[in-house]
Amino acid sequence: MEMLIGEFRNTLDEKGRIQFPAKLRAVLQQNELMVTQGFDHCLMLFTCEEWAALSEKILGSASLFNDQKRLVLRRFIAPAQKIEFDKSGRLSIPQSLREYAQLKGECTILGINRYMELWDSASYASYLEKTEDSFLEAAESMSSILL
């Protein structure tokens with residue numbers, strides 16, 4: 001599979017549907033995605049194959065007797081849902097996940113190679129502003145791999 005990359009903006013309609021970017025959809029080899037709660041109040045979207053591999057690793061390392069691992073299972077694995085594209089190329093985002101990510105109106109979809117993120121555009125802009133200094137530090141810490 002080619003890389004899922006790019007930043008796209010589309011509007012979430014009143015029924016919770018969003019037009020999925022054609023450039024990202026062209027890379028996908030199926031008509032469905034797995035969506036779950038992400039970090040920083042965004043949603044994470046995976047191909048079913050990528051989700052199966054990731055969730056298997058998480059479940060294989062999780063212990064029901066470890067508080068932190070139960071937290072990951074409850075916040076990341078449990079809310080996951082399979083969603084299908086409609087005939088118009090839209091995804092219908094479940095209400096519980098829309099509420100978690102505070103999706104309303106304009107949204108930003110990020111392709112991050114093996115997965116995608118779905119943000120409320122205003123929340124994403126705020127996140128970028130708040131994390132500017134941290135981003136510079138993070139980039140500097142990776143200087144050995146950068147050009």
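Modeller: Note that this is a predicted model. Start at Met-44, which stands opposite Glu-117 in E8.

Biologist: What makes E4 and E8 a pair?

Modeller: Two strands pair if at least two bridges are found between them. E4 and E8 have three bridges, in the antiparallel sense. So they meet the cut-off of at least two and count as paired.

Biologist: How many bridges join E7 to E8?

Modeller: Five bridges, and the two strands run antiparallel. A hairpin joins E7 to E8 through two residues.

Biologist: In what order do the strands of the open sheet come?

Modeller: The order is E1-E7-E8-E4-E3-E5, six strands with antiparallel pairing. From one strand to the next, the twist averages 25°.

Biologist: Which are the edge strands?

Modeller: E1 and strand E5 (81-84), since each pairs on one side only. E5 pairs with E3 over four bridges, in the antiparallel sense. There, Ile-83 of E5 is the bridge partner of Leu-33.

Biologist: Which helix packs on the sheet, and which strands are touched?

Modeller: Helix H5 (residues 121-130) packs on the sheet and touches E1, E7 and E8. The direction of H5 makes about 100° with that of E8.

Biologist: How do you know that E8 is mostly covered?

Modeller: Five of its five residues are buried. Both faces are covered. On one side are Met-116, Leu-118 and Asp-120, and on the other Glu-117 and Trp-119. In general, side chains of a regular strand alternate between the two faces of the sheet.

Biologist: Why is Thr-36 called buried?

Modeller: Buried means under 20% relative accessible area. Thr-36 has 0%, so the label holds. Thr-36 is found in strand E3.

Biologist: What polar atoms does the side chain of Thr-36 reach?

Modeller: A polar atom of the Thr-36 side chain lies 2.5 Å from the backbone oxygen of Phe-76. The side chain of Thr-36 also reaches the backbone nitrogen of Ala-80, at 3.5 Å. Leaving aside neighbours within four places in sequence, the contacts of Thr-36 include Trp-51, Phe-76, Pro-79, Ala-80 and Leu-97.

Biologist: Why is the pair of Trp-51 and Phe-76 called tilted?

Modeller: Planes under 30 degrees apart count as stacked, over 60 as edge-to-face and the rest as tilted. The planes of Trp-51 and Phe-76 are at 45°, so the pair is tilted. The ring centres are 5.4 Å apart, and the cut-off for a pair is within 6.5 Å.

Biologist: What does that pair tie together?

Modeller: Trp-51 lies in helix H2 (residues 48-61) and Phe-76 in helix H3 (residues 67-77), so the pair ties together parts 25 residues apart in sequence. Both Trp-51 and Phe-76 are buried. They also belong to one aromatic cluster with Phe-39, Phe-46 and Tyr-115.

Biologist: What makes Trp-119 and Tyr-127 a tilted pair?

Modeller: Their centres are 5.0 Å apart, with 35° between the planes.

Biologist: Why is Trp-119 called buried, and why is Tyr-127 called partly exposed?

Modeller: Trp-119 has 2% relative accessibility, so it counts as buried under the 20% cut-off. Tyr-127 has 29%, so it counts as partly exposed, the class between 20% and 50%.

Biologist: Which residues touch the most other members of the largest nonpolar core?

Modeller: Phe-20, Leu-43, Leu-91, Ile-93 and Leu-118, in a core of 24 residues. Elements that give two or more residues to this core include helix H1 (22-27), strand E4 (43-46) and helix H4 (95-101). The largest share, three residues, comes from H4. A second, separate core of ten residues includes Met-44, Phe-46, Ile-58 and Ala-80.

Biologist: Last one: why is Val-27 called buried?

Modeller: Val-27 has 11% relative accessibility, which is under 20%, so it counts as buried. Val-27 lies in helix H1. The C-alpha atoms of Val-27 and Met-3 are separated by 7.4 Å, though the two are 24 residues apart along the chain.

Terms used
Residues are numbered from 1 along each chain as its sequence is written. This is a predicted model: local features need pLDDT of at least 70, side-chain atom pairs count only at pLDDT 80 or more; totals for chains, interfaces and linings use all residues. Side-chain values use heavy atoms; hydrogens and water are left out. A nonpolar core is a set of buried Ala, Val, Leu, Ile, Met, Phe, Trp, Tyr and Cys residues joined through side-chain atoms within 4.5 Å. Buried means under 20% relative accessible area, exposed over 50%, partly exposed in between (1.4 Å probe, protein chains only). Axes are lines fitted to C-alpha atoms, for helices over the stretch in contact, and angles run from 0 to 180 degrees between N-to-C directions. Contact means heavy atoms within 4.5 Å. A polar contact is a pair of N or O atoms within 3.5 Å; within protein, one must be able to donate a hydrogen and the other to accept it, and residues adjacent in sequence count only if both atoms are side-chain atoms. Rings of Phe, Tyr and Trp (its six-membered ring) pair if their centres lie within 6.5 Å; planes under 30 degrees apart count as stacked, over 60 as edge-to-face and the rest as tilted.
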